[in-house]
Amino acid sequence: MSIDASKIVVRKTGGPEVLERESFDPGIPGPGEALIAQEAIGLNFIDTYFRTGLYPLPLPTGLGSEAAGIILAVGEGVSNVRKGDRVAYVAQSPGSYATHRIQPANRLLKLPDAISCETAAGMTLKGLTAAFLVEECAKVTAGQTVLVHSAAGGVGSILVPWLKSIGAKVIAHSGSQEKADRATAAGATHSLHDDFDALAATVRDLTDGKGVDTVFDGVGAASWQASLDSLRPRGLMISFGNASGPVPPFSVQELAKRGSLFLTRPTMFDYIRSDEEYQQLGARLFEQIARDVVKPDINQRFPLDEAADAHRALESRQTVGSTILIP
C-alpha cells in the first residue's frame, strides 16, 4: 500500500518554530492494529508542554494525542472495527499531528453517525478529561458548589455544562468579560473574570463565606493560591494542568491550615488504563454530546502545515473553545 503521508516532528525543544513537517511511510497495520486516514486532529495545551520540554520526551518526537478519521486497513485478529469505520482515539504516546497513523484497534472509539470527525477531534481528549474529572475523580453530586478555572477554554467549556447537568452550582472563572459571557451561556451559575488576587474573596462572598466543594484548576502557578483559598474545609483541589506554569513547591501544612483540604494531581490515562474503562468513558462522552449537554465549540481551524501558528495562538490565549488541525 503506497500512501503519501506526512507528519509534524520536533527535533529540539523550544518555541513553535521547532515544529517541522516531513514525509513518512506509515506502514501497514500489524496484528491487533488499524491504519487511520486522519481527517481532523485535536490541539491541546499539553502539546506545548512536550514541545518546550516541560514534559520531556526522547527526541525526535511527534506531537499530538488525539485525532479522528477513517480506517483504511486492519491487521490480523481485529474484530471490533473494520475498513471504512469512522473512529476517534486518544493516545498516550504523542504522534497524532499526521495525515495517517496506526493505532491499537482496541483503543479506537467508533463514532456514532451524528458525531463528525471534526467534533470528535476537537472534543475527545478534552471531553474524556472532563468526564473523568467530574464523574470519577471529584464524583460531583447535585447541590455541590464548584469553581472552574479557564471556563471558556477547551476543557472548561465542557466542564461547565457537564457539571450543570448534574445539578452542581458552577462558579466559572475566565480571563476576560467576553470569555465570562461564554461561560454564562454554557450554564455557569456565576461567571467571573476577577484578578486572581481578588478571586477567593469573591468566591467566599458568593458562598456565604463557606467556600466551594471542589476546584477544577488547569491553570497552575497563577491560580494556585486563589484556588486553595476558595475551598471549604475538607474541600477537594484538582490540579490538572499548568497553562501558566507548574505549581510552585509548597508545604502540605498549607492543606491542614485551610481545613484539611484534599489535593490530587490526576492524569486521564490512570482513569482509562483498561480497554473497558476507556470504552465506557468514551460512550459516556458521546452520550453527553448526543443529548446536547456538551456541544462542539470548535472556533479555530489550522492546516497541519500551520501547526506552529496554532501553538502561538493557544499559548497567547487567543483561542476560545477547541482548536483543530486539518491534514
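Colleague: In which loop does phenylalanine 250 lie?

Modeller: In this predicted model, two elements flank the residue. Strand E13 covers 231-239 and helix H7 covers 253-257.

Colleague: Is phenylalanine 250 buried, partly exposed or exposed?

Modeller: Buried requires under 20% relative accessible area, and exposed requires over 50%. Phenylalanine 250 has a relative accessibility of 31%. Because this value lies in between, phenylalanine 250 counts as partly exposed.

Colleague: What is the area of the nonpolar surface patch that includes Phe250?

Modeller: Phe250 makes this patch together with Val252 and Leu263. The area of the nonpolar patch is about 250 Å².

Colleague: Which strands stand at the edges of the six-stranded sheet?

Modeller: The sheet is open, with parallel pairing and the order E11-E10-E9-E12-E13-E14. An edge strand has a single partner, so one of its sides is left without a neighbour in the sheet. The edge strands are E11 (190-192) and E14 (262-264).

Colleague: Which residue in E10 stands opposite valine 146?

Modeller: Strand E9 spans residues 145-148, and strand E10 spans residues 169-173. The two strands pair in the parallel sense over four bridges. Opposite valine 146 stands valine 170.

Colleague: What angle does the direction of helix H2 make with that of E13?

Modeller: Helix H2, residues 117-137, packs on the sheet. Its contacts are with strand E12 (212-217), E13 and E14. The angle between the directions of H2 and E13 is about 145°.

Technical notes. Residues are numbered from 1 along each chain as its sequence is written. This is a predicted model: local features need pLDDT of at least 70, side-chain atom pairs count only at pLDDT 80 or more; totals for chains, interfaces and linings use all residues. Side-chain values use heavy atoms; hydrogens and water are left out. Patches are made of residues with over 30% relative accessible area and no salt bridge: like charges are joined within 9 Å, nonpolar side chains (Val, Leu, Ile, Met, Phe, Trp, Tyr) within 5 Å. Accessible areas come from the Shrake-Rupley method with a 1.4 Å probe; for residues, only the protein chains shown count as cover. A salt bridge is a side-chain nitrogen of Lys or Arg within 4 Å of a carboxyl oxygen of Asp or Glu. Buried means under 20% relative accessible area, exposed over 50%, partly exposed in between (1.4 Å probe, protein chains only). Two strands pair if DSSP finds at least two bridges between them. Contact means heavy atoms within 4.5 Å. Axes are lines fitted to C-alpha atoms, for helices over the stretch in contact, and angles run from 0 to 180 degrees between N-to-C directions.
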